[in-house]
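Subject: Structure for you to look through

Dear colleague,

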Amino acid sequence: MASAWERKRHCSHVEKAAAFLPRLLSEDSPKSEIQTVHGVLLFADISGFTALTEKFIQRSGTDRGTDELAQTLNYYLCDILEEMLIFGGDILKFAGDAVLVLWRTPPQELAKTISLVLQCSWQIQKKCGSRGTHVGQKVHLKIGISAGSMSLLTVGDRRRQYFLICGQVLGEVCEAEQLANAGEVILSATCWELCEQHRLRTKRLAGKRAVKVTGMDRMSWSERQDALRKLVQHSVSHCLEGEGATRPAFLLPSGRDVDEVLRKYVPEAALRKIYDSMPLGLLSELRPVTSLFIQLRLAEDNRTANLYRIVHSASRMMLEILCPHKGKINKVLLFDKGCTFLCVFGLTGEKLPYESLHALQSAMQIFNSCSTMLREIGAVSVAVTSGTVFCGVTGHPVRYEYTVIGQKVNLAARMMVHYPGLVSCDAVTYAASQLPPCYFKELPEREMKGLRHPGTVYQYVGVTEESIFGMALTKKRSEHIPLLELVRRFLSTMELLTPWGLN
């Protein structure tokens, strides 16, 4: 059977752009920064993705391997998302090889909706739970489910905005996914208490309140249709082939407000190409970029209002720092690793000379600003990598995202976790910056999951008084240059380089 990408619909510019956004934003176009939402959350993660990336690169080289990886991920992800859309799911967030999906429902319908989501999960695991690839590396799917009330946060400035889901339900769904092995579906403790337990066959997990679902009595066709009708969604729909299922259309305000809404949420690089009438398939390309991952470790007991204030302040500060350097925030994620920002330098129409320098300067400024401005943050970790990656569209023809995928993106994500509390960079960024070695410190090698040969990792310390004096002392002064002239040059260098991360 042809995948959804092979039977793409022809649609308008607005429809193409709207597919970048979940319908949650159209149902409640955020009227306030914090809104309460009720429903069932599903977190699905593809395990083996980083190892698969390495296999493709080893077999076909960086460029062709990255392209093959993106295609493989796209077709696999598309099959998974189609089932979720058929069962009424709203694709909220993409996180590389993972997706966060919401079934929004009134509180009194949670039990029935959990059954609907479980039936969807079982069907996905049956069809897509494990898949082989032509490089011999299998990938598997792990699913966690939770339910209850959560908060929708909208952060950013007047030009760019980002949305996040937070609350106990998010923490529980992340924990449930982490407890799952390949091909398994795990219910959080709260979800187990709320669900139709008589339908399920389960197994307790040692020392945990979450449960593994080993079987269920399937909903009848009429029960399923009834559950779908009671989801909180608009009646206008896009039809999907297959089981005759639908995805509620993304409803946008009419008139000039449409463009304003899209420009706030849809990446500029993608929106520019769509408005130039570029076909969806041509929005993607292989491109050398610099990726910057930022992780803010937050206290677990943060109240929603305080969490909003921290993430909102951090996002506004990052936008201000990134703008002069043509850097873009690609996504903001609030998962098990705290709050994570993925920023990209060098996207279409945004390429600058000395890109690595711009990225390193931005990384140091963000690190210092977050560390001093936001006292509630336990630790700030920043990782910078450079190289060719896939820049483009992934997902499903009626719901996708514009992002970057590749070995260097995976490396930055791993470095952010394994080298906490500092600014780290890979060997390519170190070399491309052409900065003196005294601006860096070589870091100890650490084993990073899925990466066989990550290469040397450095800490970027920035331009410090210590590094400047160290640079001066390592060079023998020429007897033909007066000492006062050397002092003058040193002070000029200090004045010139202070914006580049002087502590």
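This is a predicted model: local features need pLDDT of at least 70, side-chain atom pairs count only at pLDDT 80 or more; totals for chains, interfaces and linings use all residues.

Helix α11 covers residues 304-322 and helix α12 covers residues 355-373, and their axes come within 10 Å while crossing at roughly 150 degrees. Angles over 145 degrees count as roughly antiparallel, and α11 and α12 are therefore roughly antiparallel to each other. On the α11 side the contact is formed by Met 317, Met 318, Ile 321 and Leu 322, which meet Ser 362, Gln 365, Ile 366, Ser 369, Cys 370 and Met 373 of α12. Sorted by class, the contact of α11 with α12 holds seven nonpolar and three polar residues, with no charged residues.

A second pair is made of helix α3, residues 49-60, and helix α4, residues 62-86, which pack at an angle of about 140 degrees with their axes 7 Å apart. That angle makes α3 oblique to α4, and the crossing of these two helices is right-handed. Among the residues that meet here are Phe 49, Leu 52, Phe 56 and Ile 57 from α3, and Leu 69, Thr 72 and Leu 73 from α4. The contact of α3 with α4 divides into six nonpolar, six polar and three charged residues.

By class, the residues of the contact of α5 with α8 are three nonpolar, one polar and three charged.

Finally, how many cavities of 30 Å³ or more does the count come to? The count comes to five, and the largest cavity holds about 280 Å³ of space. Its lining consists of 19 residues, of which Phe 20, Lys 93, Phe 163, Tyr 265 and Asn 330 lie nearest the centre of the cavity. The elements that give two or more residues to this lining are β2 (90-94), β6 (161-166), β13 (327-335) and β16 (399-405). Divided by class, the lining of the largest cavity has twelve nonpolar, two polar and five charged residues.

With best wishes

Conventions: Residues are numbered from 1 along each chain as its sequence is written. Side-chain values use heavy atoms; hydrogens and water are left out. Axes are lines fitted to C-alpha atoms, for helices over the stretch in contact, and angles run from 0 to 180 degrees between N-to-C directions. Helices (H or I, at least four residues) and strands (E, at least two) are DSSP runs, numbered from the N terminus. Angles under 35 degrees count as roughly parallel, over 145 as roughly antiparallel, 65 to 115 as roughly perpendicular and the rest as oblique. A crossing is left-handed if the near helix is turned anticlockwise from the far one by less than a right angle, and right-handed if clockwise. Contact means heavy atoms within 4.5 Å. Ala, Val, Leu, Ile, Met, Phe, Trp, Tyr, Cys and Pro count as nonpolar, Asp, Glu, Lys and Arg as charged, and the others, Gly among them, as polar. On a 1 Å grid over the protein atoms alone, a cavity is a set of points where a 1.4 Å probe fits but cannot get out, and a pocket is an open set with protein on both sides within 12 Å along at least five of seven lines; lining residues have an atom within 4 Å of a point. Grid points are joined across faces, edges and corners, and a volume is the space filled by probe spheres set on the points.
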